[in-house]
Amino acid sequence: MKNILITGGAGFIGSHVVRLFVNKYPDYHIVNLDKLTYAGNLANLKDIEDRPNYTFVKADICDFDKIQEVFAQYHIDGVIHLAAESHVDRSIKDPFTFARTNVLGTLSLLQAAKQYWNGEWEDKRFYHISTDEVYGALELTHPQGIEPPFTTTASSSEHHLAYGKDFFYEDTKYNPHSPYSASKASSDHFVRAFHDTYGMPTIVTNCSNNYGPYQFPEKLIPLFINNIRHGKPLPVYGKGENVRDWLYVVDHARAIDLIFHKGKIAETYNIGGFNEWKNIDLIKVLIKTVDRLLGNPEGTSDHLITYVTDRAGHDLRYAIDSTKLKNELGWEPSLQFEEGIEKTVRWYLDNQAWMDNITSGEYEKYYEEMYKGR
Ligand code: NAD
Ligand code: DAU
């Protein structure tokens, strides 16, 4: 495969995937197709934008004619599909946009690929990036957390706790609760249907919560780092008891690279770090790290924690079992969580201009409204 279409490459995870592919595969032509919604930002790709093996196309994945044109113009052999509306809170306010982009947009890409490849599936690949949220929510049967017996070495640490006995496996039944996860579940079904009906060589992966540089600051980690820096309240939904399983974004990009090249057609792989955190514990680590790096005495920003109305339908716990990926393809996270969080906080503090560009103007108004609503 030589001509790879990456959708959503100007977003958070997509920009890391584009960077990895452009740097690692000089023989590939990487076409990054992105609509540049509020979440898309070409500043995320400044370091690689002039590379000869990179092209940016501004387009909407729902624009079927344009997508057909892109397949033909760039002779696309492989697709890594990340473009999506990705924020749960926005999906609660505006579900239609999520159905349009995540469901119809995915269908438009599938149909364009099917037409362009015209049954010649040899060396073709349609890789769809999905989320663990499609599996629903797990129970919190061990509220204090326990050391899971299958701790992976790369991510093990004293904070690495399992909060329940169940995990999401590749064959866990889909049970999405938010409009976001319902739209992602629907798109996953379409991808698998194109394999089962037409024989398209597809792969789906379901990943846990990512963190790291270039994440849009409406998501927990960058939002809270920025608020701590500016002495603004930290809106903790509900009691802060919800559990998420965090993975450093570069490790997700590494997994995508491996699966794109070595994954088995029609398979599903779960990607996660066996790294569960209760929101409130994670928030305390963020406060401590930001205060330390800013030279503030410990405890300076503790008072910013503000409990607010819970998210509607808030999933209690996500926890991915990524044993299949480890056993079949040898992938493991490369970073300990403490290391990843330290790198991440440093990056946001060192890149205040990137943050200010995003948080000024339109987004500031949106955030104030969102916060007032709680
Ligand atoms: P993001 O919101 O940061 O980026 C999404 C990108 O898609 C943006 O660049 C945006 O401009 C683009 N986009 C949106 N609508 C588009 C359209 N109609 N046409 C073309 N481009 C469009 O999202 P992210 O966090 O980087 O997530 C990327 C993918 O990974 C998504 O599919 C998401 O469901 C999935 N995922 C995310 C996480 C996570 O923790 N962030 C975890 C698992 C899976
Ligand atoms: O699990 C993978 C998913 O992770 C991805 O599919 C989504 O695209 C991504 O946005 C993320 O979803 P979450 O809803 O888990 O992420 P978010 O950063 O919005 O919230 C993380 C947790 O923190 C969640 O329990 C809600 C809580 N939260 C979030 C925000 C923004 C707060 O308590 N306060 C906040 O202000």
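Me: Which residues are closest to ligand 1, and how many surround it?
Reply: The shell of ligand 1 holds 28 residues, each with a heavy atom within 4 Å of the ligand. The closest are I13, D34, S86, Y180 and K184. This is a predicted model: local features need pLDDT of at least 70, side-chain atom pairs count only at pLDDT 80 or more, and totals for chains, interfaces and linings use all residues. Residues are numbered from 1 along each chain as its sequence is written, chains are lettered from A and ligands numbered from 1 in the order in which they are written, and side-chain values use heavy atoms, with hydrogens and water left out.

Me: What polar contacts does ligand 1 have with S86 and N210?
Reply: A side-chain N or O atom of S86 is 2.7 Å from an oxygen atom of ligand 1. A polar backbone atom of N210 is 2.8 Å from an oxygen atom of the ligand. A polar contact here is a pair of N or O atoms within 3.5 Å.

Me: How much of ligand 1 is buried?
Reply: Alone, ligand 1 exposes 840 Å², and the protein buries 97% of that (Shrake-Rupley areas, 1.4 Å probe).

Me: Now ligand 2. Which residues are closest?
Reply: D132, Y180, P235, R311 and H314 are the closest of the 24 residues that surround ligand 2.

Me: How far are D132, R311 and R244 from its oxygen atoms?
Reply: For side-chain N or O atoms, the distance is 2.5 Å for D132 and 2.6 Å for R311. For R244, a polar side-chain atom lies 2.8 Å from an oxygen atom of ligand 2. The protein covers 95% of the 690 Å² of accessible area that ligand 2 has on its own.

Me: Different topic. How many salt bridges are there?
Reply: There are 17, counting a side-chain nitrogen of Lys or Arg within 4 Å of a carboxyl oxygen of Asp or Glu. In one of them, K35 pairs with D60, with the closest N and O atoms 3.5 Å apart. The two residues are 25 residues apart and link distant parts of the chain.

Me: And how many cavities of 30 Å³ or more?
Reply: Three. A cavity is a set of points on a 1 Å grid over the protein atoms alone where a 1.4 Å probe fits but cannot get out, and lining residues have an atom within 4 Å of a point. The volume is the space filled by probe spheres set on the points.

Me: What is the volume of the largest cavity, and which residues are closest to its centre?
Reply: The largest cavity has about 60 Å³. Twelve residues line this cavity, with W246, L247, Y248, P333 and L335 closest to its centre.

How values were computed
On a 1 Å grid over the protein atoms alone, a cavity is a set of points where a 1.4 Å probe fits but cannot get out, and a pocket is an open set with protein on both sides within 12 Å along at least five of seven lines; lining residues have an atom within 4 Å of a point. A polar contact is a pair of N or O atoms within 3.5 Å; within protein, one must be able to donate a hydrogen and the other to accept it, and residues adjacent in sequence count only if both atoms are side-chain atoms. Helices (H or I, at least four residues) and strands (E, at least two) are DSSP runs, numbered from the N terminus.
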